[in-house]
Amino acid sequence: MLDGVKLEDLLFIDIETVSGEANFDQISPKLQDFWEKKSNYFRNEDETASDVYARAGIYSEFGKIVCISTGVIVKRGNEKFFKVKSYYGHDEKVLLAEFGQMLDRFCTKPSRNLCAHNGKEFDFPYIARRMLINGLKLPKALNIAGKKPWEIKFLDTMELWKFGDYKHYTSLALLCEIFNIPTPKDDIDGSMVGKVYWEENDLERIAIYCEKDILATAQLILRYKGEDLIPEINFERVLI
């Protein structure tokens, strides 16, 4: 599987998102109305739009990105290393701009691909939408309008696992378990990111959690290719 994919050509990506504001009362009246309509599809009868506002981070129109973690597999001799850098902060436009500049540099070679778990349905479109909302120019890799399917450089570990089954959803955590990959969910999970951000103001904790996800995604690609995992000691974090 993936015999034609070179590990060094992959940029692993994961994002962490939160609601646009700390609570429902802080958003504009018009956005409140839109969220009322949006949340009407999934909230219970006894819940209000305000009660479920924490879920707004899932939607790019109502949420924002607080962290983008990126990683590459580097070979040194016979060993593989995983080098990670995260872009995070309270100013979404700044972190998106920095990420976009890096992405354009990385994708100068036509063989380069972006890789994420469920990236085609979540991470990649979410990043692109938030860039446009923030008035930023899309990096070439994310500017896919009018491109043919084979011209889009997205590799999705969840899609690969579907093997053409459009109904099948499998979490990264489950795949890590069945492939004996150390789980990245040993501190917080996605449902806790909003609380850690808005109540604890701990961006560093969120970044570390996000980095564990991209390491797990990289390890999953190695399993798909039938190769050995990267030893934990070979994880290298580039600080911003």
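Trainee: What percentage of the 240 residues of the chain count as buried?
Mentor: The model is predicted. Buried here means under 20% relative accessible area. By that cut-off, the buried share of the 240 residues is 46%.

Trainee: Which elements make up the chain, and in what order do they run?
Mentor: The chain holds seven helices and six strands. Read from the N terminus, their order is β-α-β-β-α-β-α-β-α-α-α-α-β.

Trainee: What is the radius of gyration of the chain?
Mentor: The C-alpha trace spans about 60 × 40 × 40 Å along its principal axes. For 240 residues the globule rule gives 18 Å, and the chain comes close to this, so it is as compact as a globular protein of that length. Its radius of gyration is 18 Å.

Trainee: Is Phe163 buried or exposed?
Mentor: Phe163 sits in the loop between helix 4 (157-162) and helix 5 (172-178). Its phi is near 50°, a positive value in a residue other than glycine. Exposed means over 50% relative accessible area. Because its relative accessibility is 61%, Phe163 counts as exposed.

Trainee: Where is Asn201 found, and what is its relative accessible area?
Mentor: The loop between helix 6 (193-198) and helix 7 (203-224) contains Asn201. Although Asn201 is not a glycine, its phi is positive, at about 55°. Most residues other than glycine have a negative phi. Asn201 is partly exposed, and its relative accessible area is 49%.

Trainee: How far apart are the mean positions of the positive and negative charges of the chain?
Mentor: The chain carries 33 positive and 39 negative charges. The distance between their mean positions is 8 Å.

Methods. Residues numbered from 1 in each chain as written. Predicted model: local features only at pLDDT ≥ 70, side-chain atom pairs only at ≥ 80, totals over all residues. Heavy atoms only, no water. Helix = DSSP H or I, 4+ residues; strand = E, 2+ residues; numbered from the N terminus. Rg over C-alpha atoms; globule rule 2.2 N^0.38 Å. Buried < 20%, exposed > 50% of the residue type's maximum accessible area, 1.4 Å probe, protein only. Lys, Arg positive; Asp, Glu negative; His and termini not counted. Charge placed at Lys NZ, Arg CZ, Asp CG, Glu CD.
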